[in-house]
Amino acid sequence: MECDFMCDDGVSRSLNIAAEVTVAFGCVYQQRVTTPEGDGVALGVAADKIYVLLDERLQSLIATGFTRDDVTSGRLRTIPDMPVVVSPDDSHRVKHTVFCGRRVAIVTQDHNGPCPVLAATNALALLGRIELCDAQCRRVKAAQLRRMLLDYMVEGRGEVPRFTSPHKRVVNDAEVLTLAGMVGEQLEEVRAKLSCNGSGYEMMERLYHGMNVSPSFFGVDAFEPETDVMVFALSGLRVVHGWYIREDNPFAALREMSFNEVSLVATKSDSPLSVVAQDFLVSTKSQMTEDGLVMLRRDLCEGEVVVLFWNNHFSTVVKLNDRLLLLLSDEIYADKSSVVFESIEDVHGGATFTDGDGRDADKFLLVVQSLMGNDFSEEDIEAAKEALAKELGVEPSPRGVADYLKAKKKGEPCVADGKKDKWPPWVTSGANQLREMGFEIQFDVACELVSKQGSLDAALNKLCSE
């Protein structure tokens with residue numbers, strides 16, 4: 001349940017993003033917060049601090065730490081979700097990456113964006129059923145995105161998705177349709193209505209404000225038959241959740257109900273079942289159960305791409321190498337081509353970043369990219385790391401590699417270029433900073449120390465440890 005981030009004090013930390021840890025600071029992973037230094041998203045906890053990715057540091061992916069005092073004093077607090085207003089000028093950043101050996105473009109969102117539309121569009125993009133734009137495209141207009149998805153649905157190019165849950169369930173002694181039943185009986189009727197009198201446009205714009213969705217707890221693809229949720233079936237996509245109750249679970253009395261029904265029961269204080277409903281909703285705030293995660297891993301086929309409803313959010317998910325991988329569609333990852341997914345490791349959001357082929361991302365590479373954005377390719381970073389290691393005789397720090405690449409880009413001398421007659425700027429700058437901090441050290445000795453340690457931070461740690 002940890003993710004590595006470079007922090008603003010120059011230290012790379014493993015942040016605990018589990019909800020039971022971050023809730024002590026009044027927030028959860030990726031929740032919008034306001035702080036004394038500006039707005040951003042909450043990340044995780046380390047050394048009794050909550051770390052936040054401020055909006056002004058989105059490109060660098062550098063986290064800033066805040067104390068419990070910041071929370072109790074109200075200086076750090078959550079920002080209530082606001083409905084998204086659709087404007088003709090709305091657009092989304094495009095991320096170009098590689099998925100299973102094939103180049104793809106996906107759309108990203110900022111803050112509380114239209115996640116149902118983006119989740120469906122990105123799922124179709126990963127499957128190769130639609131192509132968002134060419135390799136030079138950096139943004140796509142929201143209207144174009146809605147039009148593309150609507151055309152795909154109306155034309156019926158997608159296959160009818162499979163369901164493992166029954167088509168009907170019993171409510172008050174009467175059989176009612178589930179989403180699976182609605183798809184089986186009304187799919188083409190709903191598809192035809194979308195092309196009449198602009199109803200399709202109205203639906204797509206409405207989905208930018210949210211979606212009516214109510215999972216049922218007896219199956220991972222069981223939902224109430226809402227027209228909004230049909231957008232996924234119309235696109236030929238499965239929509240699933242992990243809010244599953246097993247038959248022998250202590251909450252089994254709620255198993256045949258939907259979320260809306262359980263929420264209603266929980267408000268009736270005179271009902272014995274209300275206590276059970278309340279306990280269930282409190283203990284499964286993440287909207288996924290351990291049994292549900294097991295069922296998802298078992299139910300999805302290798303390589304299958306679906307849309308997952310979790311934490312009031314729709315995400316694109318694929319099963320690769322027997323792992324469930326959630327597509328990182330937040331705009332903060334738009335420039336990080338080597339980070340494509342995060343694995344779903346537990347119900348609280350524990351994750352490991354991976355590339356587009358499902359391989360765990362290189363932590364060293366992530367830190368360098370957090371310092372430099374996407375200015376250099378993975379090959380450039382690896383080559384710089386090897387060159388510095390050969391020249392210095394020790395493995396360089398991420399900061400050292402970043403400084404080396406910056407100097408090389410500017411055409412300035414670099415240690416690994418063999419120009420030993422003159423220290424490169426990143427070394428002399430570090431040496432000067434050490435001397436300005438009050439260390440009684442000769443300039444040449446300071447340069448030697450910074451160069452050997454690979455960064456100012458490493459040199460500072462070396463001096464402090466002696």
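Asp-360 and Arg-323 form a salt bridge, with their closest N and O atoms 3.0 Å apart. The pair links distant parts of the chain, 37 residues apart. Asp-360 sits in the loop between strand S18 (353-354) and helix H11 (363-372), while Arg-323 belongs to strand S16 (residues 323-327). Asp-360 is partly exposed, at 48% relative accessible area. Arg-323 is partly exposed too, at 25%. The model is a predicted one.

The structure holds 24 salt bridges in total. Some share partners: Arg-162, Asp-221, Arg-238, Asp-299 and Glu-304 are joined in this way into one network.

| Pair | N to O distance |
|---|---|
| Asp-360 and Arg-323 | 3.0 Å |
| Arg-169 and Glu-261 | 2.9 Å |
| Arg-147 and Asp-151 | 2.3 Å |

Arg-169 and Glu-261 meet through their side chains in a salt bridge. This pair also links distant parts of the chain: Arg-169 lies in strand S11 (residues 168-171) and Glu-261 in helix H8 (residues 259-266), 92 residues apart. Arg-169 counts as buried because its relative accessibility is 8%, under the 20% cut-off. Glu-261 has 22% and counts as partly exposed.

Arg-147 and Asp-151 pair within one helix, H4 (residues 142-155). They are four residues apart, so about one helical turn separates them. Arg-147 is partly exposed at 30% relative accessibility, and Asp-151 is partly exposed at 25%.

On the domain level, the protein is divided into domain 1 (2-78), domain 2 (83-361), domain 3 (372-411) and domain 4 (425-465). The C-alpha centres of domain 1 and domain 2 are 27 Å apart.

Technical notes: Residues are numbered from 1 along each chain as its sequence is written. This is a predicted model: local features need pLDDT of at least 70, side-chain atom pairs count only at pLDDT 80 or more; totals for chains, interfaces and linings use all residues. Side-chain values use heavy atoms; hydrogens and water are left out. Domain bounds come from an automatic or database domain assignment. A salt bridge is a side-chain nitrogen of Lys or Arg within 4 Å of a carboxyl oxygen of Asp or Glu. Helices (H or I, at least four residues) and strands (E, at least two) are DSSP runs, numbered from the N terminus. Buried means under 20% relative accessible area, exposed over 50%, partly exposed in between (1.4 Å probe, protein chains only).
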